[in-house]
Amino acid sequence: MRAITSFYNKTRYFWRRLLIAFLTLVLVAVFGFLLIKLMPGNPVDTYAQTLMTERRIPFEEARALAKQMLNYDPDEKILVQLGKYIYGLLHGNLGISMRRPDITVNRLIAGFLPWTLFISSVSLFLSFIVGIFMGSHMAWKRKGVGEKAALSYIVVSGSIPDYLWGMILIFVFGVRFRIFPVQGNYDVMLEYEGWPWLLNVLYHAALPVLAYSIVQIGSWALSMRASSIGVLGDDYIYAARARGIPERIIVNRYLRRNAMLPLVTSLALSFAGLFGGSSLMESIFNYPGLGQQFSAFMGARDYFIIQGLILFMSFMIVLANLVVDSIYSLIDPRIRRST
Amino acid sequence: MIKRFFTSAVHGAVRKCKVVFSNRKAVLGGAIMLFFVLLAVFGPILFPYNPVTDENSKYLAPGAGHWLGTDNLGRDVFRQLVHGSRDVLTIALLTSVITIILGTVLGMVSGLAGGVTDRVIGVITNLFLSIPSFPVLLIFASFFTIEDPVSFALVLSLWSWAGLSRAIRAQIHSLKERDFIQICRVMNLSRAHIIFSELMPNIASYILINFIMIMRNAITGSVGIMMLGLAAFQPSNWGAMLLRAKDSGALLIPEASYFLFAPIVAIMLFQMGSILLAHGLDEALNPRLQA
């Protein structure tokens, strides 16, 4: 019995987090459900129209079929509808297109998420690494020319949203100098295998990755600079200097590693934010990712797909928050005691 | 009570103004912002915009007649930019005001009240933080047809208060435990006194900096929605200009580069002004950075 209470006390923070995460997930699902209720028009009728013309069946029959396929019946009581909807979600059914029965959210995610994650995670990790080095250097050599230059870069790069950087890059490298391709993920003429294909994929990803990174490097560098300035005031840095340890080793082993720690948390959370992709960036580069699909289905007013995609993105964010919080509570006992 | 709050606020503001004016970043950023505000207020009067199209004068290079050249339908780019600035700035300003009010009130209530109120607001904040904002903005933009700056600002601010609210709650939480608030409690001073004379001055600079940063995000968001063509109510809005430039193939036509880059540069200048002003204010007013 004592073992159980002590286990509970140690992991109490985690259970609380789990409860909050679960509650948030339920609310997110309810929000997704209300989205369909809020939308103009009736999805079942729209879908029934499609089925009627497609299969040449009478409207009543088509409507019954539509209700069944969409897992949604506007004639039932609202709580029953919600229950059915959540039941579908628990079985991994995120939703089906209102216009084309062969398109489901699960299939969309399977087909387009890899491309989205490819360009966005490459740019996230690239800019994280560059930003870490830039930020720690800025903090170490404060008030130098390097810091001034870096700060100017950060202000200018941060002033233009990443999708506009995308347009600028297309204009400069794609149209003026014709160095990089500006559309799609790879040449359709190429075979779907081997090194040439892989190189072609990387070649096509160059501009989108650059556009993401230009802006992100600046914000990582800025956080790293702030974190490093905090670490520089700590005793062990003074002690290391007093012992005559070479500067390079202080920066590499003492400063950067310690200042990086809080940023790893934001890295994990930013990673969770990538799962939706960026509608604007992917539309500008015509890159077949989830974000581009999202805006395309948005334009077609296909709300079931939209609902499913939003739920998917939110689930990933809630999950990442839970994981980060739990790991943090394991590492840092101070968090366990507070709240 | 309110009057005393204002007099003390004015005294504090005068003192802080001196600090702010000695910060070069803040002065430069403030000058850029002021320029845009003046442009939005007086620009359309000084440079009236003529929306009549003219096939013969499309994609003209910049010259005496057209300072920034002409667009794909032969209209003056510079005047469009000036005309559009009014809407862009109105949207940004309104979004900021609504977001700040929502975020501050909810954060303060949550931080001061505690208990069940705090929990409920916390869960709602969590929900808003878990659902990504830009996709939701797109959905709302298609649900409610956006036809004027006010509804655009409402849509934008609906999903941007949560982070601010959480930060303000945390600040109130730490301030509440500090001695000067505890003393106020012991002296039995009214709740209004504690909120307006003790807490507000302490978070005012934080709110001000957030005000500027939210304006900046509002411009990124509104231009993005317009570029996807989901809220094209005002053809001279910078985002709508970019959409037209993109759709008319300005990326591929070298002569059209002025039409494409004019709105980008305008957005960049505005954002730069807001970043500099916010950083400068942070340096000047944030007590933690002054050590």
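How many salt bridges are there between chain A and chain B? The count is zero. This is a predicted model, and every value below is computed from it.

## The interface between the chains

In the contact between the two chains, 41 residues of chain A meet 40 residues of chain B. About 3500 Å² is buried between chain A and chain B, and carbon and sulfur atoms give 82% of that area. Polar contact across the interface of chain A and chain B is found for three residue pairs. On the side of chain A that touches chain B, the elements giving two or more residues are α1, α6, α7, α11, α12 and α13 of chain A. The largest share of that side, nine residues, is supplied by α1(A).

## Nonpolar cores

The largest nonpolar core has 156 residues, and the members that touch the most others are A:L164, A:F294, B:I225 and B:L242. Helix α11 of chain B, residues 257-285, provides the largest share of this core with 16 residues. From chain A, domain 1 (13-90) and domain 2 (111-338) each contribute at least three residues to the core.

What does A:F294 touch, leaving aside its neighbours within four places in sequence? Within chain A, A:F294 is in contact with A:S279, A:I306, A:L309, A:I310 and A:M313. In chain B, A:F294 is in contact with B:P135, B:L138 and B:I139.

As a general point, nonpolar side chains in soluble globular proteins tend to be buried together.

## Salt bridges

Over all chains, a search of the whole structure finds four salt bridges. Side chains of opposite charge can pair when their charged atoms come close.

| A:R17 | A:D325 | 3.0 Å |

The side chains of A:R17 and A:D325 meet in a salt bridge. A:R17 belongs to helix α1 (residues 2-38) of chain A and A:D325 to helix α13 (residues 303-331) of chain A, so this pair ties together parts 308 residues apart in sequence. A:R17 has a relative accessibility of 27% and therefore counts as partly exposed.

Are A:R225 and A:E147 buried or exposed? Both A:R225 and A:E147 are buried.

B:E283 is in helix α11 of chain B and B:K25 in helix α2 (residues 24-46) of chain B, and the pair links parts of the chain 258 residues apart. B:E283 is partly exposed at 35% relative accessibility, and B:K25 is partly exposed with a relative accessible area of 26%.

## Residues with positive phi

Two loop residues of chain A are noted for their backbone angles. A:R178 is not a glycine, yet its phi is positive, at about 50 degrees. The residue sits in the loop between α7 (162-176) and α8 of chain A. With a relative accessible area of 66%, A:R178 is exposed, the cut-off for that class being over 50%.

A:N286, a residue other than glycine, has a positive phi near 50 degrees. Its place is the loop between α11 (279-284) and α12 (290-299) of chain A. Why does A:N286 count as partly exposed? Its relative accessibility is 37%, and partly exposed covers the range between under 20% for buried and over 50% for exposed.

## The surroundings of B:R79

B:R79 is part of helix α3 (residues 77-113) of chain B. Its relative accessible area is 28%, so B:R79 is partly exposed. Leaving aside neighbours within four places in sequence, B:R79 is in contact with B:F47, B:P48 and B:Y49. B:Y49 is 30 residues away from B:R79 along the chain, while their C-alpha atoms are separated by 5.4 Å.

Conventions. Residues are numbered from 1 along each chain as its sequence is written. Chains are lettered from A and ligands numbered from 1 in the order in which they are written. This is a predicted model: local features need pLDDT of at least 70, side-chain atom pairs count only at pLDDT 80 or more; totals for chains, interfaces and linings use all residues. Side-chain values use heavy atoms; hydrogens and water are left out. A nonpolar core is a set of buried Ala, Val, Leu, Ile, Met, Phe, Trp, Tyr and Cys residues joined through side-chain atoms within 4.5 Å. Buried means under 20% relative accessible area, exposed over 50%, partly exposed in between (1.4 Å probe, protein chains only). Helices (H or I, at least four residues) and strands (E, at least two) are DSSP runs, numbered from the N terminus. Domain bounds come from an automatic or database domain assignment. Contact means heavy atoms within 4.5 Å. Buried area is the accessible area (1.4 Å probe) that two parts lose on being put together, summed over both. A polar contact is a pair of N or O atoms within 3.5 Å; within protein, one must be able to donate a hydrogen and the other to accept it, and residues adjacent in sequence count only if both atoms are side-chain atoms.
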